[in-house]
Amino acid sequence: MPAEKPVGCRFTDRALCKGACTTHRTTEPRLLEATATLIAQVTPQGRSLLMPQSIGSHVKSTGLAAALCLCLSGCVGAIVSLPEKTTVKTDAYKAQSYRSITPHISRTVTSTPTREWCGITVWALIIPVPLKLPVCTSYFEQSFGNDEFGNEAVLLDSQQTVPSPFYACGPFMMLGPIVHGYQGNALCGVFPK
């Protein structure tokens, strides 16, 4: 007969081990057979006796969250609205510059400014969070001066607008070039307004 030897229990719940944590008069094959039988035991609901229900529900909630994240577009972005001024030189201005004459602006006429919303809109998942205030203005402006013959002419046309480009990053940004005017790569980019 083999000698008795203590067998260490690797299970945290000693009630599940039944007799496996006590001293046994057994050999290695019987121990393996008892362990396999214990692992195979399940409750009538189909739950394993070795995996507590809290771990099972945690795994389920993690899997559900991962599936939800994969179903969403995964994009994170922001719409930034800041004033942008563009100035276009007219032909009269270019003609003076071409002849090395410095154009002198005598007066400027500005249209009535329009109040615009400035700031940022952050997209948290699919919910926009606006952080904007109506503190910016948009307007059109013409600068007059003398042309090369001494007649008053428009030298500069300026316009201040508040564009709202959409800056975004996400796994589906590789589809961004489908949109006309997209600037960026497969991970992050800018969609013009």
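What percentage of the 193 residues of the chain counts as buried? The share is 21%, where buried means under 20% relative accessible area, exposed over 50%, and partly exposed in between (1.4 Å probe, protein chains only). The structure is a predicted model, in which local features need pLDDT of at least 70, side-chain atom pairs count only at pLDDT 80 or more, and totals for chains, interfaces and linings use all residues. Residues are numbered from 1 along each chain as its sequence is written, and side-chain values use heavy atoms, with hydrogens and water left out.

The chain contains 4 helices and 11 strands. Helices (H or I, at least four residues) and strands (E, at least two) are DSSP runs, numbered from the N terminus.

Strand S9 pairs with two strands, S3 and S11. Pairing requires that DSSP finds at least two bridges between the strands. S3 (residues 76-81) runs antiparallel to S9, with 4 bridges joining them. Here Val76 stands opposite Cys169 of S9. S9 and S11 are also antiparallel, again over 4 bridges. In this pairing Tyr167 faces Val190 of S11.

The structure holds 3 aromatic pairs. Rings of Phe, Tyr and Trp (its six-membered ring) pair if their centres lie within 6.5 Å; planes under 30 degrees apart count as stacked, over 60 as edge-to-face and the rest as tilted. Phe166 and Phe191 are stacked, at 6.2 Å centre to centre and 25 degrees between the planes. Phe166 belongs to S9 (residues 166-169) and Phe191 to S11 (residues 188-191), so the pair ties together parts 25 residues apart in sequence. Phe166 is partly exposed because its relative accessibility is 23%. Phe191, at 18%, counts as buried. The ring centres of Tyr182 and Phe191 are 5.0 Å apart and the planes stand at 50 degrees, so this pair is tilted. Tyr182 and Phe191 are both buried. Trp123, Phe166, Tyr182 and Phe191 form one aromatic cluster.

There are 3 salt bridges, defined by a side-chain nitrogen of Lys or Arg within 4 Å of a carboxyl oxygen of Asp or Glu. Glu141 and Lys85 meet at 3.3 Å, N to O. This pair links strand S7 (residues 127-146) to strand S4 (residues 84-89), 56 residues apart. Glu141 is buried at 14% relative accessibility, whereas Lys85 is partly exposed at 43%.

Glu148 and Arg99 meet at 3.1 Å, N to O. Glu148 lies in the loop between S7 and strand S8 (152-161) and Arg99 in the loop between H4 and S5, so the bridge ties together parts 49 residues apart in sequence. Arg99 is exposed at 54%. Ser100 lies in the loop between helix H4 (91-98) and strand S5 (105-110). Ser100 has a positive phi near 60 degrees, though it is not glycine.

Arg107 and Glu152 form a salt bridge, with their closest N and O atoms 3.0 Å apart. Arg107 is in strand S5 and Glu152 in strand S8, 45 residues apart. The charged end of Arg107 also sits over the ring of Phe144, 4.3 Å from its centre. That assignment requires NZ of Lys or CZ of Arg within 6 Å of the ring centre and within 35 degrees of the ring normal.
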